[in-house]
Amino acid sequence: MDETEILRRLELLRVEHRDLDAAIAALASGNAPDQLQIARLKKRKLRLRDEIASLEDRLIPDIIA
């Protein structure tokens, strides 16, 4: 995966991460929030964060000091 593909994938993941924030907030603000669904969305959000961090690490070159 070259740098352009990584940047494109990062942007898609960040958008999905923000969308999950909105979905979690909407579910939590309801009268009877579905805790199981909220937990699933939060878990998905954590996986996205980990994938984002991994891709960002691939963009930063290793520097031996």
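**Reading a helix pair**

Reply: Please keep in mind that this is a predicted model.

Me: Where is Arg 58 found, and with which residues is Arg 58 in contact, leaving aside its neighbours within four places in sequence?

Reply: Arg 58 belongs to helix α2. Once neighbours within four places in sequence are set aside, its contacts are Met 1 and Ile 6. Met 1 lies 57 residues from Arg 58 in sequence, yet their C-alpha atoms are 9.8 Å apart in space.

Me: How are the axes of α1 and α2 placed, and which way do the two helices run relative to each other?

Reply: One reads the approach of the axes, then the angle. Helix α1 (residues 3-28) and helix α2 (residues 35-59) have axes that come within 9 Å and cross at roughly 160 degrees. An angle over 145 degrees counts as roughly antiparallel, and α1 and α2 are therefore roughly antiparallel to each other. The crossing of α1 past α2 is left-handed. In their contact there are 15 nonpolar, two polar and twelve charged residues.

Me: Which residues of α2 are buried, and what covers them?

Reply: Buried means under 20% relative accessible area. In α2 the buried residues are Ile 38, Leu 41, Leu 48, Ile 52 and Leu 55, and their cover includes α1.

Me: What span does α2 reach, and what is expected?

Reply: With 25 residues, α2 reaches 36 Å from its first C-alpha to its last, close to the 36 Å expected at 1.5 Å a residue.

Key
Residues are numbered from 1 along each chain as its sequence is written. This is a predicted model: local features need pLDDT of at least 70, side-chain atom pairs count only at pLDDT 80 or more; totals for chains, interfaces and linings use all residues. Side-chain values use heavy atoms; hydrogens and water are left out. Axes are lines fitted to C-alpha atoms, for helices over the stretch in contact, and angles run from 0 to 180 degrees between N-to-C directions. Angles under 35 degrees count as roughly parallel, over 145 as roughly antiparallel, 65 to 115 as roughly perpendicular and the rest as oblique. A crossing is left-handed if the near helix is turned anticlockwise from the far one by less than a right angle, and right-handed if clockwise. Ala, Val, Leu, Ile, Met, Phe, Trp, Tyr, Cys and Pro count as nonpolar, Asp, Glu, Lys and Arg as charged, and the others, Gly among them, as polar. Contact means heavy atoms within 4.5 Å. The expected span of a helix is 1.5 Å times one less than its number of residues. Buried means under 20% relative accessible area, exposed over 50%, partly exposed in between (1.4 Å probe, protein chains only).
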